[in-house]
Amino acid sequence: VSLVRRLGYRTLHKPEGIEQGSIRIKMMSLPALLLEHGLFPKTWTDKHYKSEGYFTNPSITEKNDKIGIQWYTTNTSWNHKYRKIPHEVVERVVNKFPTADIVSLQMENTFLTKYLSCDSMAGSADAIQQLKAVIAIDSAVLHLAGSVGTKTYGLVGNGDNLCWRWFPKQPKTSWYDSVTCIYNEPYDDWETSMTLALEELCH
């Protein structure tokens with residue numbers, strides 16, 4: 001609720017029957033919210049929409065040097081199996097950049113000793129907004145990072161399992177000004193895609 005209020009809703013009430021806590025809103029529905037507020041392109045175009053971060057928290061003015069990465073999701077959509085980079089691939093790539101300050105954006109502890117643990121979507125948005133950059137697969141984290149204006153590399157994949165949101169295939173996307181899309185060539189070459197993103201951020 002606190003995150004969605006940043007779009008300018010004057011009132012936002014919880015539905016009847018919802019107990020104390022957050023209302024669950026799927027971040028993959030974020031484009032629908034932005035469309036409702038006239039912040040979203042209605043038709044495909046080559047124009048680069050200047051979205052400066054729709055959910056940016058204006059009270060956060062400083063960035064740190066951390067790079068957040070997210071490499072799998074528990075999403076159960078039709079192409080969910082394609083939204084997972086093998087653990088060993090991620091670890092191998094991360095080890096190529098020993099001086100980079102990399103933190104995990106997964107919701108639990110991983111092979112990375114540093115990870116962000118937030119108890120709300122708004123808290124996650126604030127934490128991501130402070131990062132130097134984000135590297136993420138096609139997931140809520142990717143949409144959230146784009147919506148707060150953090151420099152983001154979206155590892156969106158390729159082939160028949162590529163989500164419609166990332167067409168036409170081009171580095172910049174009409175959804176978010178701060179997101180650069182990386183398409184795998186071939187479709188399952190996650191290691192090259194993640195390495196390319198980290199090279200761009202570390203050199």
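A salt bridge here is a side-chain nitrogen of Lys or Arg within 4 Å of a carboxyl oxygen of Asp or Glu. With that settled, my notes.

**Ground rules.** I'm working on a predicted model, where local features need pLDDT of at least 70, side-chain atom pairs count only at pLDDT 80 or more, and totals for chains, interfaces and linings use all residues. Residues are numbered from 1 along each chain as its sequence is written, and side-chain values use heavy atoms, with hydrogens and water left out.

**Entry 1: salt bridges.** I searched the whole structure and got four salt bridges. I looked up Arg83 and Asp138 and found their side chains joined in one, at 3.6 Å from N to O. This pair ties together distant parts of the chain, 55 residues apart: Arg83 is in the loop between strand 1 (67-70) and helix 2 (87-94), and Asp138 is in the loop between strand 3 and helix 4. For the record, helices (H or I, at least four residues) and strands (E, at least two) are DSSP runs, numbered from the N terminus.

Next I checked burial, where buried means under 20% relative accessible area, exposed over 50%, and partly exposed in between (1.4 Å probe, protein chains only). Arg83 is buried at 4%, and Asp138 is buried with a relative accessible area of 4%.

Entry 2: Arg92 forms a salt bridge with Glu191, with the closest N and O atoms 2.8 Å apart. Arg92 sits in helix 2 and Glu191 in helix 5 (residues 190-202), 99 residues apart. I then found Lys96 bridging to Glu191 too, its closest N and O atoms being 3.3 Å apart. Lys96 lies in the loop between helix 2 and strand 2 (102-104), 95 residues from Glu191. Shared partners join Arg92, Lys96 and Glu191 into one network. Arg92 is partly exposed at 40% relative accessible area, and Lys96 is partly exposed at 43%.

**Entry 3: strand 5.** Five of the five residues of strand 5 (residues 179-183) are buried, so the rest of the structure largely encloses it. I went through the faces: Val179, Cys181 and Tyr183 are buried on one side, Thr180 and Ile182 on the other. Side chains alternate between the two faces of the sheet in a regular strand. Strand 4 (residues 152-157) pairs with strand 5 in the parallel sense over five bridges; pairing takes at least two DSSP bridges between the strands. Thr152 stands opposite Val179.

**Entry 4: helix 3.** Seven of the nine residues of helix 3 (residues 121-129) are buried, so it too is largely enclosed. Among them are Ser124, Asp126 and Gln129.
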